[in-house]
Amino acid sequence: MEMIIRPRRLRNGVNLRKMVRETRMDKSSLIYPMFVKEGTGIREEIPTMPGQFRYSVDQMPYALEDLLKAGVGSVMFFGIPDHKDSHGSGAYAEDGIVQKAFREAKKRFPDLYCIGDVCMCEYTSHGHCGILRGEYVDNDQTLSYLARIALSQVQAGADMVAPSDMMDGRVEAIRTMLDENGYGETPIMSYAVKYASAFYGPFRDAAGSAPAFGDRKSYQMDYHNVREAVKEAMLDAGEGADILMVKPAMSYLDVISRVKEVTDLPIAAYSVSGEYAMIKAGAALGYVDEASIICETAAGAYRAGVDIYLTYFAKEIAGYMDEGRIG
Ligand code: PBG
């Protein structure tokens, strides 16, 4: 048989397969999203996200300790306030829930890298990501609020802020606010390319942040578009974003690759609540093998080009890396 090129030659044995692996991942690129709520003694499971919990600030350190033990050193906090109003004032209150979480986390674990999701939807009575004018989310009026939220998070101890609201110009507004207040070294990870997605469903249950009317399509992106992703990414890069995020991850791998091609900034992808929920549900029914699906899904995102991966499976993935299943 005259065949000198045989791809199978490089697939024989685990050592060789690992040697020629094209995608390498490591724990330092994982970020774990976490929900904190008012109260004490609370560790309640989120019904649509089995295995994920809402923690009160006093319970949160136990979860953080587990995470650090697994080798995951970065967390993104989402606050669930007791009271909401039309202007989402809980988002920038000095004693707001997420501010308390930052203070406690940094006090207990100074080396834990703490990121703040900057948005208003968990804090507004109407559930939209900005200030309303009638039933329309007013872009420019919202900017000063977002800047204020970011500043209050950084003052409480956030190491990085991540605006997820999708208002135009918010990276510049936040950058200016942080710089003017002496936080010129605090990076911004922009949810630059965020699609209007049904994959956020379980998150909105978890955070009670579903819009009271309408949807988010006038500010989040249409999932038919990919050139627009490049436009959003370049705009945010120009406004001073340090890291660009694509969200969701699983159905948007082409978008990750496209954005990666056009910028030198690190690219993050957020494997969102619906992705988590689908894997959990499929595995619970015995239809797919949970660990294998988690590994394959994560590797897909890295192969597409992500440098940073936000996932509710961060701890599990770190464990699979230890076991040598992926990495
Ligand atoms: C806030 C925000 C959302 C998510 C992250 N930040 C919800 C939304 O835009 O409706 C979703 C995360 C997830 O689904 O895991 N705007």
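Is Met19 buried or exposed? Met19 is exposed, at a relative accessible area of 60%, where exposed stands for over 50%, buried for under 20% and partly exposed for anything in between (1.4 Å probe, protein chains only). The model is a predicted one, so local features need pLDDT of at least 70 and side-chain atom pairs count only at pLDDT 80 or more, while totals for chains, interfaces and linings use all residues. Residues are numbered from 1 along each chain as its sequence is written, and side-chain values use heavy atoms, leaving out hydrogens and water.

Met19 belongs to helix α1 (residues 14–19); helices here are DSSP runs (H or I, at least four residues) and strands are E runs of at least two, numbered from the N terminus.

Two spots in the backbone come next. Most residues other than glycine have a negative phi, and most peptide bonds are trans. Met166, not a glycine, has a positive phi of about 70 degrees. Met166 sits in the loop between β8 (160–163) and α5 (170–180), and counts as buried with 3% relative accessibility. Lys247 and Pro248 are joined by a cis peptide bond, with omega about -10 degrees. Pro248 itself is in the loop between β10 (243–247) and α8 (253–262).

As for helix packing, the axes of α2 (residues 60–70) and α11 (residues 314–323) come within 9 Å and cross at roughly 25 degrees. That makes α2 roughly parallel to α11, a label for angles under 35 degrees. The axes are lines fitted to C-alpha atoms over the stretch in contact, with angles from 0 to 180 degrees between N-to-C directions.

Methods: Parallel < 35°, antiparallel > 145°, perpendicular 65-115°, else oblique.
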